[in-house]
Amino acid sequence: MSNLPIIIAGGGIGGLAAACGLARKGIASVVVEQAAVLGEIGAGIQIGPNAFHCFDYLGVGDDARAKAVYIDALRLMDAQTGEDITQIPLDDNFRARFKNPYAVVHRADLHRTLLDFCEASPLVEIRTNHTVTGYSRNGGTATLHLRDHGDITGRAIIGAEGLRSPIRGQMIGDGEPRVSGHTTYRSVIPTEQMPEDLRWNAATLWAGPKCHIVHYPLKGGSVFNLVVTYHRDVKEPIAGKPVSKAEVSQGFEHIAPVARQIIEHGDNWKLWVLCDRDPISNWIDGRVALLGDAAHPMLQYFAQGACMAMEDAVCLSHCFEHYDDDEVALQEYQKMRLVRTARVQMNSRLIGEYIYHPDDAKAAVRNHVMSGMSPDDWCNQLAWLYGSNGLEN
C-alpha cells in the first residue's frame, strides 16, 4: 500500500512539519484541516537550537532563519524586587556549542514557512473545511472519517489536531485536558510604545509569586510580544478571549513598578487558560499515530511545544524512510519520542512552580542557585534539550 498517501489530520505547525518531512523523503501526504483558511493564532514563540536543527532537516532552514529575530540573551528578573537574577548569553559560544542559534518568531511566520514548502511540493495535498470525526483500521490501510466529506483512506494516519484531538479521543479516551488554572494574557505592541528602559533584545522573564511577565521583540524588532500570566485557579479552558487592561492588571499589586508598567503599555489583550495532559505510554494504534499536542500537550514554561512537534515530524519521517513496514515505523517513532517528550512535559510543570512562580524561601533558593550559574553551566544544563533534532534522546 506504499502508493497510498499518509493522511495527516491537522494543518498547524506539527501537521505541516510532518508533511514537509515526509515530502523530503519522497512520501506523499494529504493534510486535512478543520478551518476554512490555514493559519495560526497567537503571537510570538521562542525557538531553541533544537528547532533550527529541525528546520534544516525539514528543508526550510533558510526561510526560518530569515524570519526569526535573534536575541542576545535569555534574561531572568525578580518581579518583586526588579533585580536581575541571571542571564544566559546567546552569543557565538552558545551557537558554537549547539551548532544553531536561539531566536524568537511570530507563530504565523513560522507556520507560513512550513505552508509555503507544502504548497510548493507535488507530494503534499492540503484540504481545508474538513472536520475529523474518527478513524478505522482496515488491515493494511487506515481510514479517516470526516463530517460532510467522504472518508479518506491512506497507508497511515497521523493525528496532529492539537490538545482536543478527536483521534486521541478515540484512541486514548482520556477526556478533557488538565486545566492548570494559569491564566495567560497576550498582547503585541509597537516598539515605540514599549518603555525605553525595557527595550532589551532579550527574551525576558519577570518571575514572581503566582505570576510572571515575559517580553521580547518580534517582526525584526518593530513590535514587542507581551505575555502576562497569573495563577487565578480558573477551572474552565478559554482560548483567545478579548479582555480589558483592568482585568489583566488584577493581582499584580505586589510586583515591582518597573515590571508592572508593561501591563499598562499593552493593548488589545487576549486571554488563554493554560492546559496540558499527563504523559502517556502509548499513542499508537496500528497504522494510526499521534503527533505534537495531540500526543504530549505541555505547559508553555519550557517554550518547547512547537519545537517538540517539529522534532516529532523529523522522527516520523526518519522512521518511514528507514522501515518498510509502516506499523513498525510508527512503533519506532513512538519509542524514540516517548521519554524525551514526557521529560519536557514534566519539566514544564516543574519549572512553572519552582522558577516562574515561587514565593518566599523557594524564590530565595531559586535566586541563589541560578545567580551562581555561569554561561557554561547553563549550556551543560540545557545540552540534553538543545542538542537534538528529535532523532537523539
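The exercises below, each with a worked solution, concern a predicted model.

**Exercise 1.** Determine whether Gln-46 is buried or exposed, and state which side chain makes a polar contact with the side chain of Gln-46.

*Solution.* Begin with the position in the chain: Gln-46 belongs to strand 3, which covers residues 44-47. Next, take the relative accessibility, which is 18% for Gln-46; because buried means under 20% relative accessible area, Gln-46 counts as buried. Then turn to the polar partner, where the side chain of Gln-46 meets the side chain of Tyr-102 in a polar contact of 2.7 Å. Finally, with neighbours within four places in sequence left aside, the residues in contact with Gln-46 include Leu-74, Tyr-102, Val-214 and Cys-307.

**Exercise 2.** Work out which strands stand at the edges of the open sheet of eight strands, and describe how helix 11 packs on the sheet.

*Solution.* First write down the strand order, 5-4-13-14-15-12-17-16, in which the pairing is mixed. The edges are then strand 5 (84-89) and strand 16 (239-242), each of which has a single partner strand, so that one side of each is left without a neighbour in the sheet. On average, and with direction ignored, neighbouring strands of this sheet are turned by 20 degrees against each other. For the pairing of strand 5, look to strand 4 (residues 73-78), which pairs with strand 5 in the antiparallel sense over five bridges; Ala-73 has Pro-89 of strand 5 as its bridge partner. Helix 11 (residues 360-371) packs on the sheet by touching strand 4, strand 5 and strand 13 (202-208), and its direction makes about 40 degrees with that of strand 5.

**Exercise 3.** Compare the salt bridge of Asp-63 with Lys-67 and that of Arg-137 with Asp-285 by the sequence separation of the residues in each pair.

*Solution.* Side chains of opposite charge can pair when their charged atoms come close. In the pair of Asp-63 and Lys-67, the closest N and O atoms are 3.6 Å apart; both residues lie in helix 3 (residues 61-67), where being four residues apart separates them by about one helical turn. In the pair of Arg-137 and Asp-285, the corresponding distance is 3.0 Å. Here Arg-137 lies in strand 8 (residues 131-138) and Asp-285 in strand 18 (residues 284-285), so this pair ties together parts that are 148 residues apart in sequence. As for accessibility, Arg-137 is partly exposed at 46%, and Asp-285 is partly exposed at 22%.

Technical notes:
Residues are numbered from 1 along each chain as its sequence is written. This is a predicted model: local features need pLDDT of at least 70, side-chain atom pairs count only at pLDDT 80 or more; totals for chains, interfaces and linings use all residues. Side-chain values use heavy atoms; hydrogens and water are left out. Helices (H or I, at least four residues) and strands (E, at least two) are DSSP runs, numbered from the N terminus. Buried means under 20% relative accessible area, exposed over 50%, partly exposed in between (1.4 Å probe, protein chains only). A polar contact is a pair of N or O atoms within 3.5 Å; within protein, one must be able to donate a hydrogen and the other to accept it, and residues adjacent in sequence count only if both atoms are side-chain atoms. Contact means heavy atoms within 4.5 Å. Two strands pair if DSSP finds at least two bridges between them. Axes are lines fitted to C-alpha atoms, for helices over the stretch in contact, and angles run from 0 to 180 degrees between N-to-C directions. A salt bridge is a side-chain nitrogen of Lys or Arg within 4 Å of a carboxyl oxygen of Asp or Glu.
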